[in-house]
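I opened this entry to record what I looked up, going from the whole chain down to a single residue.

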Amino acid sequence: MSVDHVERALLKQLDKKLKPQKVLILLGARRVGKTELLHKFLSQKSPDEYQLLNGEDQNTQDLLAKKSVDNYKQLVGKQKLLVIDEAQKIPEIGQKLKLMVDAIKGVKIIATGSSVFDLTNQLGEPLVGRSTVLKMFPVSQLEFGKYETYIQTNGKLYERLLFGGYPELVHYDDFNEKIEYLDNLVSSYLLRDILEFEGIKKSGKLVDLLRLLAFQIGKEVSIDELAVSVKGISRNTVEHYLNLLEKVFVIYKVEGFSRNLRKEVTKTSRWYFYDNGVRNALIKNFNSLDIRADIGELWENYIMAERMKYNAYKQRLVSTYFWRTYDQQEIDLIEECNGQLSAFEFKWNTKKKVKPPGGWKRAYPKAKFHVIHPDNYLDYIT
């Protein structure tokens with residue numbers, strides 16, 4: 001199977017979300033397939049319907065440099081659909097897009113970029129009320145599953161726990177080539193936006209911080225302990241770096257759930273990686289699952305990420321938490337959707353029967369409880 005034939009989940013949403021006088025912003029980490037998605041979307045249209053610009057091209061930057069309505073009207077012309085890939089590279093892009101959608105009747109704009117938009121707040125303030133944001137992730141099982149049989153999907157599970165879902169990986173059959181690709185991704189691309197934005201000369205501290213998080217999947221993370229472990233940076237710097245890493249789609253935070261019961265833990269957070277392959281590349285461990293001590297963590301990170309992608313692509317408005325009490329009762333994932341609570345435990349080993357903790361049952365008797373394991377996981381992510 002070639003990734004070129006995998007229809008990405010956002011493809012159909014682009015047309016639905018594209019509105020006159022609005023900017024549709026497509027955000028995602030580097031290398032997740034934003035440009036490929038754009039080209040596939042535009043291939044369904046006549047060339048005279050749109051204009052495609054690349055924000056990294058100097059000619060594009062020169063075309064947009066003069067902030068005037070006449071200039072932008074001339075640029076858009078009769079096509080009315082303007083697509084700007086790598087838009088974060090264009091100075092003052094938010095103000096320029098605002099001017100276009102305010103002044104050019106009927107114009108529709110798609111702007112793609114890494115989350116440097118978020119880092120610089122280039123879009124947030126200028127485009128309040130004028131934009132819709134779609135987030136794109138590494139290829140999800142929801143997307144792979146449309147092109148695989150049940151047997152093929154189950155046969156790929158071990159590989160996806162190890163290597164994740166970055167699109168270009170499907171071009172490599174050899175495991176060593178996959179490892180080399182992920183190592184290059186982590187060292188050359190993943191942190192580039194942070195390094196450029198912050199002016200950081202070396203990525204060592206960021207990588208050290210990520211490695212510490214990689215060993216704490218499913219555990220509450222102490223900012224103070226991280227600051228002690230990463231030599232030479234303060235607690236405030238750790239918090240700042242975590243915020244940046246979240247904005248560039250490397251990690252994401254899950255907070256504790258509570259209805260203000262005194263026994264519930266809420267002041268700490270857990271951190272997960274958007275992609276298992278990135279996590280394993282950071283700790284340089286691609287050993288076979290049968291000799292790993294962290295299979296539980298791999299399973300938890302994988303299901304958390306796939307469930308998050310599923311909710312995003314299905315456009316489910318879900319709040320996500322973990323649950324733990326001070327007497328060590330805990331649940332991996334709590335979802336709140338339309339007032340309904342659902343609790344999920346992730347178990348790699350299917351032999352033991354799992355019941356909801358007594359404290360949870362007493363406090364939230366109407367909540368649903370699910371155990372996600374290798375025999376049923378596709379029911380929850382596809």
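Overall fold. I am working from a predicted model. I counted the secondary structure elements and got 17 helices and 11 strands. I then checked the radius of gyration, which is 22 Å. A compact globule of 382 residues would have a value near 21 Å, so the protein agrees with that expectation. Along the principal axes, I noted that the C-alpha atoms fill a box of roughly 65 × 50 × 45 Å.

Contacts and burial. How much of the contact set joins residues at least 24 apart? I took the contacts between residues at least 6 apart in sequence, and 73% of these join residues at least 24 apart. I also looked up burial: of the 382 residues, 52% are buried.

Surface and charges. I put down about 18,500 Å² for the accessible surface of the protein. Carbon and sulfur atoms account for 47% of that area. For charges, I have 59 positive and 50 negative, and their mean positions lie 6 Å apart.

Residue Q141. I picked Q141 and found it in helix α7, which covers residues 141-144. Is Q141 buried or exposed? Its relative accessible area is 2%, and the cut-off for buried is under 20%, so Q141 counts as buried. Next I listed its contacts, leaving out residues up to four places away in sequence. Q141 touches E148, T153 and R160, then Y302 and E306, and also L378, I381 and T382.

Conventions
Residues are numbered from 1 along each chain as its sequence is written. This is a predicted model: local features need pLDDT of at least 70, side-chain atom pairs count only at pLDDT 80 or more; totals for chains, interfaces and linings use all residues. Side-chain values use heavy atoms; hydrogens and water are left out. Helices (H or I, at least four residues) and strands (E, at least two) are DSSP runs, numbered from the N terminus. The radius of gyration is taken over C-alpha atoms; the globule rule is 2.2 Å times the number of residues to the power 0.38. Buried means under 20% relative accessible area, exposed over 50%, partly exposed in between (1.4 Å probe, protein chains only). Contact means heavy atoms within 4.5 Å. Accessible areas come from the Shrake-Rupley method with a 1.4 Å probe; for residues, only the protein chains shown count as cover. Lys and Arg count as positive and Asp and Glu as negative; His and the chain ends are not counted. The place of a charge is taken as NZ of Lys, CZ of Arg, CG of Asp or CD of Glu.
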